[in-house]
Amino acid sequence: MTLTAAKSRTLIPALLLGTALAFGSLGAARPALAQGPESVADLAQGLLGAVVNISTSQSVKEEGEGPVQQVPEGSPFQELFEDFFKNRGKDGGNNKVNSLGSGFVIDPAGFVVTNNHVIEGADDIEVIFPDGSKLKAKLVGTDTKTDLSVLKVESPAPLTAVKFGDSRKMRIGDWVMAIGNPFGLGGSVTVGIISASGRNINAGPYDNFIQTDAAINKGNSGGPLFNMSGEVIGINTAIISPSGGSIGIGFAVPTELAENVVKQLIEFGETRRGWLGVRIQPVSDEVAESLKIGKARGALVSGLVKGGPVENGPIRVGDVIVGFDGKGVDDTRDLVRIVAESAVGAEVEVKILRNGKEQDLKVKLGQLDDEQAADASAQPGTTPEDGDLPQDDGEEIAPGDEGGEQQSPSAPDGQLPAVLGAIGLELGTLDDAARKTYAIAESVEGVVITAVKPGSPAAEKGLEPGQVIVEVAQEFVETPEDVGQTLSALKNEGRRNAYVMIADAEGNLRHVAIPLE
């Protein structure tokens with residue numbers, strides 16, 4: 001009781017002192033000062049001068065009411081830049097379409113970064129600065145795969161510019177600030193955090209977007225996303241928006257991808273991407289088990305491109321790439337992006353898994369050109385899933401219908417058909433008659449599939465008549481008996497899946513893991 005009282009006596013003066021401080025020595029009340037989050041006014045003030053509005057115009061012919069929206073083909077997301085203002089002319093359908101977006105100056109000499117979809121198809125590009133001044137801009141270079149473009153303006157005086165920061169240092173939860181031209185309201189500043197990183201929104205082959213809840217809307221496209229040091233760590237590009245306005249889910253191209261693209265556009269007027277020259281596919285859990293590599297990871301090499309950098313080694317079909325140039329490769333998209341970002345002609349270290357063991361290889365990269373990029377089979381990022389290979393009309397044509405010698409569909413009765421029957425396969429020797437029947441190229445070797453049972457494990461994996469089994473468990477097969485014996489041996493070992501290399505008629509390869517249980 002004494003202790004409690006002592007405490008009470010000591011607290012009373014403190015409370016009275018607090019009251020005196022609040023009301024002043026004479027008891028007069030003073031207005032309380034509101035406290036909120038730390039202001040970003042000083043930071044924004046130093047950056048606003050480098051963020052510009054991009055105004056474009058183009059003449060289009062239209063039959064309906066309203067212009068065609070500029071949205072990347074196949075994108076499931078509403079792009080930020082869709083504001084068009086149309087003035088109809090008197091030329092019977094030729095309209096002038098004006099559009100507004102955002103950009104930012106990265107060099108006092110007049111280089112400006114924006115999105116490709118902001119200026120795509122424009123006849124005239126104008127950069128509008130915060131003070132209201134306008135300068136005509138010319139297109140230096142554009143990269144449709146990352147949706148980035150670089151413009152150049154000629155200014156009588158050096159321009160206010162901002163610099164790139166390292167987006168790789170940003171963490172989920174870090175504060176960011178967006179500045180842009182939403183709905184034509186230039187110089188708008190919004191603040192939020194990084195909600196996620198490494199987002200794939202199916203906008204292009206190198207998707208690696210930063211997701212932010214900083215409010216960005218139509219017209220913010222091409223504008224910068226800053227860290228709290230005033231460095232650009234992303235270029236605002238897309239939003240998810242059922243309503244057309246911000247719902248707190250926006251995406252920005254990270255500078256770890258954008259900075260190198262911008263430098264190449266300024267230097268060469270185009271991008272020059274590294275090229276490994278391999279066909280790859282995802283590593284499924286079944287394939288990982290068959291290869292004895294533990295958890296599913298990396299990118300499985302399913303083919304080597306003729307004339308490519310590694311056509312003659314050291315990478316082989318069946319290798320699983322798990323590291324590239326010191327960076328981890330978790331899946332096929334990682335490899336596609338990392339290879340593309342690497343310097344042409346560079347000698348890099350590639351970490352692979354071969355026969356369940358890790359190896360380090362050295363390879364020299366080539367350059368991915370437009371022709372290779374257009375041909376999916378030549379891209380380092382080709383990732384054919386089950387069912388992506390050419391399909392036939394579904395008819396099961398027996399070899400020999402063209403007059404050739406009829407072939408045995410599988411091993412003799414009583415020897416090995418049990419395992420093949422359980423899988424749902426009938427096989428034949430790949431001779432001249434089979435090549436003619438299924439139009440199989442001379443370069444393809446192995447055992448031809450003559451029939452696939454509907455609903456079987458083989459059918460579920462996309463196997464079809466006319467395809468060729470090249471390897472089983474990384475062992476080359478020449479006869480149906482080879483296939484049956486190897487599959488039986490794997491099943492007797494207790495293996496749940498068989499790792500099989502399949503070729504189509506043209507020789508394009510893929511790997512599948514066929515269930516044995």
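This is a predicted model: local features need pLDDT of at least 70, side-chain atom pairs count only at pLDDT 80 or more; totals for chains, interfaces and linings use all residues.
In the classes used here, Ala, Val, Leu, Ile, Met, Phe, Trp, Tyr, Cys and Pro count as nonpolar, Asp, Glu, Lys and Arg as charged, and the others, Gly among them, as polar.

A search of the whole structure turns up two cavities of 30 Å³ or more. The second largest cavity holds about 40 Å³ of space. Its lining is made up of L291, I293, G318, V320, L353, R354, N355, G356 and Q474, which by class gives four nonpolar, four polar and one charged residues.

The largest cavity holds about 80 Å³, and its lining consists of Y206, L257, N260, V261, Q264, T271, R272, R273, R337, A340 and E341. Two or more of these lining residues come from each of the elements α4 (255-268) and α6 (332-341). Helix α4 supplies the largest share, four residues. In terms of class, the lining of the largest cavity divides into four nonpolar, three polar and four charged residues.

Is N497 buried or exposed? Its relative accessible area is 7%, and because this lies under the 20% cut-off, N497 is classed as buried. The side chain of N497 makes a polar contact with the side chain of E289, at 2.9 Å. When neighbours within four places in sequence are left aside, the contacts of N497 are E286, E289, S290, A513, I514, P515 and L516.

Note on methods:
Residues are numbered from 1 along each chain as its sequence is written. Side-chain values use heavy atoms; hydrogens and water are left out. On a 1 Å grid over the protein atoms alone, a cavity is a set of points where a 1.4 Å probe fits but cannot get out, and a pocket is an open set with protein on both sides within 12 Å along at least five of seven lines; lining residues have an atom within 4 Å of a point. Grid points are joined across faces, edges and corners, and a volume is the space filled by probe spheres set on the points. Buried means under 20% relative accessible area, exposed over 50%, partly exposed in between (1.4 Å probe, protein chains only). A polar contact is a pair of N or O atoms within 3.5 Å; within protein, one must be able to donate a hydrogen and the other to accept it, and residues adjacent in sequence count only if both atoms are side-chain atoms. Contact means heavy atoms within 4.5 Å.
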